[in-house]
Amino acid sequence: MQFCNQVPQWPMATRILGIESSCDETAAAVVEGSGKILSSVVASQLAAHAKYGGVVPEIASREHGRAIVPVVQAAMSGSTWSDLSAIAVTEGPGLIGSLLVGATYAKSLSYALALPLIGVNHVEGHIHAVIWEQPVQFPALALVVSGGHTHLFSVAESYELRLLGRTRDDAAGEAFDKVGKLFGFGYPGGPVIDMLAPYGNEKAVRFPIAKLKDGSLDFSFSGLKTAALRWFEAQDIADELADRYELLSSNPHPSAEEWLQVTPQRTLDAVASFQRTIITELVSRLRPSAEEIGAKSIIVSGGVACNRGLRDAAQRMGLPIPIYFPSPALSTDNAAMIAAAAFPKFRRGEFAGLDMPVYSQLR
Ligand code: KG4
Ligand code: ZN
């Protein structure tokens with residue numbers, strides 16, 4: 001059970017059921033205005049997608065369809081329907097078929113229980129995961145880094161977001177996952193690269209990264225991915241790759257020691273160098289964008305915010321303002337962050353109609 005560090009701004013007894021189904025996690029959570037996360041249930045579809053090396057949209061929708069009712073039932077085990085004040089659901093961005101499962105179920109609940117429906121932007125959810133847990137000072141700079149997003153926002157005291165920069169191609173998590181797949185680390189590759197990077201020399205391989213010349217705060221990671229592919233093609237790597245595939249086929253979650261037995265030093269060096277390049281790029285935007293908006297604190301959120309190298313690098317920059325990360329449970333996709341983001345909307349009476357659409361791209 002987690003608690004909100006900030007003085008609650010909403011009635012203590014307000015309880016919101018959050019539902020998240022934008023990608024490959026079916027999640028539901030009940031969050032209370034007192035600051036307590038009463039429940040947070042996440043059903044991961046990783047096993048269903050692992051053999052394809054990435055999320056298959058059609059499979060994701062079907063898996064959400066199977067999981068949505070049991071996951072909400074589990075999240076509601078300590079509450080009754082009459083305890084709820086509202087139903088919040090991710091309306092986008094994400095996979096349309098996946099979003100529709102959560103949104104349609106949330107609409108049905110809202111209709112049947114006569115409770116207000118609140119549509120939440122997934123990226124806003126990642127930001128509110130940190131606002132819920134940490135004493136964030138505003139205006140804040142928010143870096144959201146996940147499998148689908150690499151965005152920089154200015155966050156006002158009213159929680160209004162202004163986009164400052166974004167990736168022009170791949171998201172950082174997507175680059176981690178594509179390179180992880182190339183190296184035979186399975187899906188998702190991000191956590192494995194994070195686990196193995198400390199064993200390699202991060203200065204061993206020079207991976208170039210696109211420098212945008214227009215002075216914007218945008219990112220570009222597709223060139224880095226291509227550079228990793230070129231490095232990979234230049235090596236004689238077939239045997240070690242076969243060993244890693246064999247390891248994964250017998251054990252879906254190998255430990256660091258098990259990976260190290262099938263990963264020679266030159267590959268560990270490439271892994272460490274790749275991670276270092278991404279991290280350097282991500283943290284390089286923090287100082288100029290924080291200065292541009294006069295930020296009083298920095299939020300780093302999304303699945304890639306779990307990365308230990310990124311956390312260390314951000315803290316070691318010695319910025320004069322605090323940097324906040326979510327707890328690991330609220331870093332990757334979950335529904336507590338969706339319910340948390342719904343509280344200010346609930347207070348403002350910002351409710352969605354039962355004809356609420358879902359959307360695939362960031363608005
Ligand atoms: O936020 P999230 O669960 O889903 C999206 O909204 O996309 O993020 C998932 C992403 C995946 O790309 C995964 O590889 C990455 O977060 N990720 C990591 C780590 N843990 C998860 N990337 C690097 N290091 C990690 N420790
Ligand atoms: Zn996410």
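**Entry 1: the metal site**

In which helix do histidine 122 and histidine 126 lie, and how many residues apart are they? I looked this up in what is a predicted model. I found both histidines in helix α4, which covers residues 122-133. They are four residues apart, about one turn of the helix.

The ion is coordinated by His122 and His126, each through NE2, and by Asp333 through OD. The distances are 2.0 to 2.1 Å. I noted the spacing of these donor residues along the sequence as H-x3-H-x206-D.

Why is the arrangement around the zinc ion (ligand 2) irregular? I looked up the angles that the four donor atoms subtend, and they span 96 to 139°. Four donors count as tetrahedral only if all angles lie between 85 and 135 degrees. The arrangement is therefore irregular, given angles of 96 to 139°. For reference, I recorded that the ideal angle for four tetrahedral donors is 109.5 degrees.

**Entry 2**

I next traced the strand order. The model has an open sheet of five strands in the order β3-β2-β1-β4-β5, with mixed pairing. Its edge strands are β3 (37-44) and β5 (117-121), each of which pairs on one side only. I recorded an average twist of 20° from one strand to the next.

I checked two of the pairings. Strand β1 (residues 15-20) and strand β4 (residues 86-92) run parallel and are joined by four bridges. Within this pairing I located leucine 17 opposite isoleucine 87 of β4. By contrast, β2 and β3 pair in the antiparallel sense, over seven bridges. Here threonine 26 stands opposite alanine 43 in β3. The hairpin of β2 and β3 has four residues between the strands, and in it I noted a positive phi near 110° for glycine 35.

**Entry 3: helices on the sheet**

Which strands does helix α2 lie across? I found helix α2 (residues 57-75) across β1, β2 (25-32) and β3, running at about 20° to β2. Helix α14 (residues 336-348) also packs on the sheet, and I listed its contacts as β1, β2, β3, β4 and β5. The direction of helix α14 makes about 115° with that of β5.

How values were computed
Residues are numbered from 1 along each chain as its sequence is written. Chains are lettered from A and ligands numbered from 1 in the order in which they are written. This is a predicted model: local features need pLDDT of at least 70, side-chain atom pairs count only at pLDDT 80 or more; totals for chains, interfaces and linings use all residues. Side-chain values use heavy atoms; hydrogens and water are left out. Two strands pair if DSSP finds at least two bridges between them. Axes are lines fitted to C-alpha atoms, for helices over the stretch in contact, and angles run from 0 to 180 degrees between N-to-C directions. Contact means heavy atoms within 4.5 Å. Donors are N, O and S atoms within 2.8 Å of the metal (3.2 Å for Na, K and Ca); water is not among the atoms, so sites may look incomplete. Four donors count as tetrahedral if all angles lie between 85 and 135 degrees; four count as square planar and six as octahedral if opposite donors are over 155 degrees apart and all others between 65 and 115; anything else is irregular.
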